[in-house]
Each structure stands twice: as structure tokens, then as C-alpha cells.
Amino acid sequence: MEKILTFAVPCYNSAAYMDHCVETLLTAGEDIEIILVDDGSTKDDTPAKCDAWAAKYPDVIRAIHQENGGHGEGVNQGIRNARGMYYKVVDSDDWLDAEALQKVMAKLRECARWSAPLDLLIANYVYEHVEDKTQKVMRYRNVFPQDKLFTWEEMGRFRPSQYLLMHSVIYRTQLLRQCGLELPKHTFYVDNIFVYQPLPFVKSIYYMDVDLYRYFIGRADQSVNEKVMVGRVEQQVRVTKLMIGAHDLQKVRATSPKLGRYMTNYLAMMMTISSVFLNIDNSPEKLGMKTELWEYLRSVDRRLHHKLKYRALSTVGIFPGYQGRKLSVQLYRMARKIYKFN
């Protein structure tokens, strides 16, 4: 590969804030590339900004223009065109901490010289809450060994509020291609698939306790805003179904019990989110969709269905009756307030 790390930056009408993102990525050095994917922007000068950045830094930045395909197709485009040994997605309204990035780059340069290259590097991310101007750092000190190479069987247990998100992972590019990752077009919340699908293919992991990714949260139009999520709940369900069908978790557990447990918990979280937001909508159509989602899980994996329905976090989303649905929403909102997750 020609570069150490490829940053893919999907851009959709993001002219107002994308410059800050690009500026922070440029602090990584000259052995990186930045792929700015203009996803059919028409409401501002995002296409022109992408071209201007590429013209200013032709050895580092490339601009790709495509018809609107959604965030997932922007990520796909980056994977197809990446020339970096490692691959990271950075949303155009987010940014990276320059000091942490220097440390991560130093480690990736070292990893690139290993005879067996690293599959996955994990770092912390920070919620930057626009409403109250507070920060919440999501770390993994309790889960992973620090500053050493390890495998899934050496990891500890995740807390209920801890998951690997797109913000915390840097995958080896060839691994993403070899595992057949292809995110659906015109669908939100596909970052869950991006993180989840490659996991069983990962054989070597390295965790750095640095606060790398800064996740801007709080804009009214963001996909993780509650009202927006209710309006797009069908897409959340679609992503959850794709994750259910991505792997046979019984086989994953047979080869890697701890990874199998984590992936089961991840699916429980996805089932919880889908069920709760269908409950918030509370229309007969959406409640029927919730029933159909759980039936789909049962048709794919009866054992997993039983576990998630009766012995996991996802039970919260299927409390029976109107009062049960109301309680599930209250518990979700309480947890969100306490943990300040998206």
C-alpha cells in the first residue's frame, strides 16, 4: 500500500464545518491520504470545497464525487479507492485530536513494519455535547490490555454503555475488503455494520488509551437525534436485520467465546434500540414491525432469539402492553441521561 492510513470523509452538504475536520487530519503527516467523498451535495459549495482541498494537497487529498448514496456508500467508496494500509472513517462534522493522532500514527508506522500486520487498532472517542458544552470520554481501560498486542480471548467485559463504535476503530484495509464489507445505500446507522461485520476476521488487536476521535453531537438534524431516529426507525430495523444475518454467532462462540459474547451483547443493544424507538412511535404499523423483527430473529437463530428475548438487555424493549412500552421508553431516556450516549 502506498500510504500508512486512509481517512475517508463522507461529505454531504457539509461546507459549513468540513474544513475543521480536514485541518485536523492533515496533522497526521504526509504518509496518509484523505479521501473526501462528496455524496451528491447540492445545497452548498461542498463539491467545490472538496476540489479545492484536493488541489491544495494533491499528494495527500483526493476528491471523489458521486450521486447521492448515503453515508454507507461514502464509506464503500473510500474502501474501494483506499491506498492506505489502514482505514478510518471520520464524519465531516467531527474531528481528531492532533496530539493523540501523532501517537496513533507512530504506532501504525511501527505496525506497518511487522511481518504479520495488525488487524485492528482501538482508541478512545469523546462525545462533544453541543447543548451543554460538556464532554464525555469513552475509554476501554477495563476491557483491553493497554499498549500490547492481544487477541479477543484476552479482553475483559464491556460495561452496558461501552461498545466499539466507528469512532474508536482503525481497521486494516485489506481485512475490510476480504470480509466482503459492503454497506447498504441510502441507509442511516450503517456504522454499526461497519464495526460489527469484520470482527470475526480480526486476529490481532492493539488498544491505545488516547482520546483520538471527537464526536460532535447535539445538532437538531443529526441522525442520532431522538425525533430523527423515530422518523427513520425503519432504517434502524434494516441495519439490525443485516447484522443478525451477518454471522452465525454459535460458530463465532465456538472459536472465540469472548468475542461471541460481545457480539451477542451488541445485537441485544441493537434489538433494544429498534424496539424502543418502535415503541416511541407506538403506531399499529410500527408495533407490528417490532413483532416482525423479533420473528425474523427467531427464524434465523432460535437460540439467540430465546437469549435476547428472556435473558438480555433487549428484554427492556418488549415489555408487554401499553404500560410495558411506556416503561421501556422511560428506562431508555433515563439511561441516555445518565450515560449521555447518542
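So, D39: what does it touch? Leaving out residues up to four places away in sequence, D39 touches C11, Y12, Q66, E67, N68, G69, G70 and H71. Keep in mind that we're looking at a predicted model here. D39 sits in strand β2, and with a relative accessible area of 5% it is buried, the cut-off being under 20%.

Two of those neighbours are worth a second look. The side chain of D39 makes a polar contact with the side chain of Q66, at 2.8 Å. The D39 side chain also reaches the backbone nitrogen of G69, at 2.7 Å.

Next up is helix α3, residues 71–81. How many of its eleven residues are buried? Eight of them, so the helix is mostly covered. Those eight are G72, E73, G74, V75, N76, Q77, G78 and I79. And what does the covering? Strand β2, where D39 sits, is part of it, and the cover also includes β1 (3–11), β3 (61–66), β4 (84–89), α5 (173–178) and α6 (191–196).

You'll find Q197 in the loop between α6 and β10, the strand at 205–217. Is Q197 buried or exposed? Its relative accessibility is 15%, so Q197 counts as buried. Not counting residues up to four places away in sequence, Q197 touches C179, G180, L181 and H247. With C179 there's a polar contact: a polar atom of the Q197 side chain lies 3.3 Å from the backbone oxygen of C179.

On to H247, then. H247 is in the loop between α8 (233–246) and α9 (249–255), and at 16% relative accessibility H247 counts as buried too. Here the side chain of H247 reaches the backbone oxygen of Q197, at 2.8 Å. The residues H247 touches, again leaving out those up to four places away in sequence, are Y196, Q197, P200, F201, V252 and M263.

Okay, salt bridges. How many are there in the whole structure? A search finds 18. I'll go through a few.

Here's R109 again: it forms a salt bridge with D31, with the closest N and O atoms 2.6 Å apart. D31 is in the loop between α1 (18–26) and β2, while R109 is in helix α4, residues 98–111, so this pair ties together parts that are 78 residues apart in sequence. Both residues count as partly exposed, D31 at 23% relative accessibility and R109 at 25%.

Now R80 and E182, whose side chains meet in a salt bridge at 3.0 Å, N to O. R80 belongs to helix α3 and E182 to the loop between α5 and α6, so here the parts tied together are 102 residues apart in sequence. R80 is partly exposed at 41%, and E182 is partly exposed at 48%.

Then there's R141 with D209, at 2.5 Å, N to O. That one links distant parts of the chain, 68 residues apart: R141 in the loop between β7 (134–138) and β8 (149–150), and D209 in strand β10. R141 counts as partly exposed at 48% relative accessibility, and D209 is partly exposed at 23%.

One more before I sit down: which residues are linked in a network of salt bridges? E2, E33, R62 and R83.

Key:
Residues are numbered from 1 along each chain as its sequence is written. This is a predicted model: local features need pLDDT of at least 70, side-chain atom pairs count only at pLDDT 80 or more; totals for chains, interfaces and linings use all residues. Side-chain values use heavy atoms; hydrogens and water are left out. Buried means under 20% relative accessible area, exposed over 50%, partly exposed in between (1.4 Å probe, protein chains only). Helices (H or I, at least four residues) and strands (E, at least two) are DSSP runs, numbered from the N terminus. Contact means heavy atoms within 4.5 Å. A polar contact is a pair of N or O atoms within 3.5 Å; within protein, one must be able to donate a hydrogen and the other to accept it, and residues adjacent in sequence count only if both atoms are side-chain atoms. A salt bridge is a side-chain nitrogen of Lys or Arg within 4 Å of a carboxyl oxygen of Asp or Glu.
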